[in-house]
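Hi everyone, thanks for making time this morning. I'd like to walk you through one structure, so let me put it on the screen.

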Amino acid sequence: MTDLEYQDLAESALTAVEIGCDRINDETDADIDNQRTGGMITLTFSNRSQIIINLQKPLQEIWMAAKAGGFHYKFSGGQWADTKDSSEFFANLSRYASEQAGQALVFRASADVDKA
């Protein structure tokens with residue numbers, strides 16, 4: 001993958017996270033504060049726990065840090081897959097955010113955003 005392809009796919013993923021936060025805040029009382037600085041998004045939950053998602057351009061990866069640990073994702077087979085167990089980024093983000101928010105939350109890839 002070229003650097004430009006990576007950048008486009010990674011930016012699309014970050015945008016989907018931002019859109020997901022807006023949708024979740026509209027539909028639930030989760031109250032996720034999301035702040036983006038360049039290639040990094042910090043999600044802060046009402047209990048002050050955080051999930052940090054950032055781009056690792058030299059490695060062409062997306063990294064996520066949550067209470068559950070740190071995770072690295074590479075784009076493979078049309079999705080961002082964990083480099084250790086191939087689990088999907090948005091499924092994992094949904095699980096970790098749900099744990100930290102204390103309620104079921106769902107994040108979707110940008111291609112799935114309009115299917116809500």
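Let's begin inside helix 1, where arginine 23 and glutamate 27 sit four residues apart, so about one helical turn separates them. This is a predicted model, by the way, so please hear every number today as a computed one. The two side chains form a salt bridge, with the closest N and O atoms 3.5 Å apart.

As a quick reminder, side chains of opposite charge can pair when their charged atoms come close.

How many salt bridges does the model have? The count is three. Let me turn to arginine 36, which meets glutamate 11 in a salt bridge, at 2.3 Å from N to O. Arginine 36 belongs to strand 1, residues 33-37, while glutamate 11 belongs to helix 1, so this pair ties together parts that lie 25 residues apart in sequence.

Arginine 36 also forms a salt bridge with glutamate 18, and here the closest N and O atoms are 3.2 Å apart. Again the pair links distant parts of the chain, with arginine 36 in strand 1 and glutamate 18 in helix 1, 18 residues apart. Put together, Glu11, Glu18 and Arg36 are linked in a network of salt bridges.

What about accessibility in that network? Arginine 36 is partly exposed, with a relative accessible area of 28%. Glutamate 11 counts as partly exposed too, at 26%, and so does glutamate 18, at 23%.

Let me move on to the largest pocket, which holds about 150 Å³ of space. Twelve residues line the pocket, and the closest to its centre are Phe75, Trp80, Phe90, Ala109 and Ser110. Which elements give two or more residues to that lining? They are helix 1 (3-27), strand 6 (79-82) and helix 3 (110-113). Helix 1 gives the most, with three residues.

Methods
Residues are numbered from 1 along each chain as its sequence is written. This is a predicted model: local features need pLDDT of at least 70, side-chain atom pairs count only at pLDDT 80 or more; totals for chains, interfaces and linings use all residues. Side-chain values use heavy atoms; hydrogens and water are left out. On a 1 Å grid over the protein atoms alone, a cavity is a set of points where a 1.4 Å probe fits but cannot get out, and a pocket is an open set with protein on both sides within 12 Å along at least five of seven lines; lining residues have an atom within 4 Å of a point. Grid points are joined across faces, edges and corners, and a volume is the space filled by probe spheres set on the points. A salt bridge is a side-chain nitrogen of Lys or Arg within 4 Å of a carboxyl oxygen of Asp or Glu. Buried means under 20% relative accessible area, exposed over 50%, partly exposed in between (1.4 Å probe, protein chains only).
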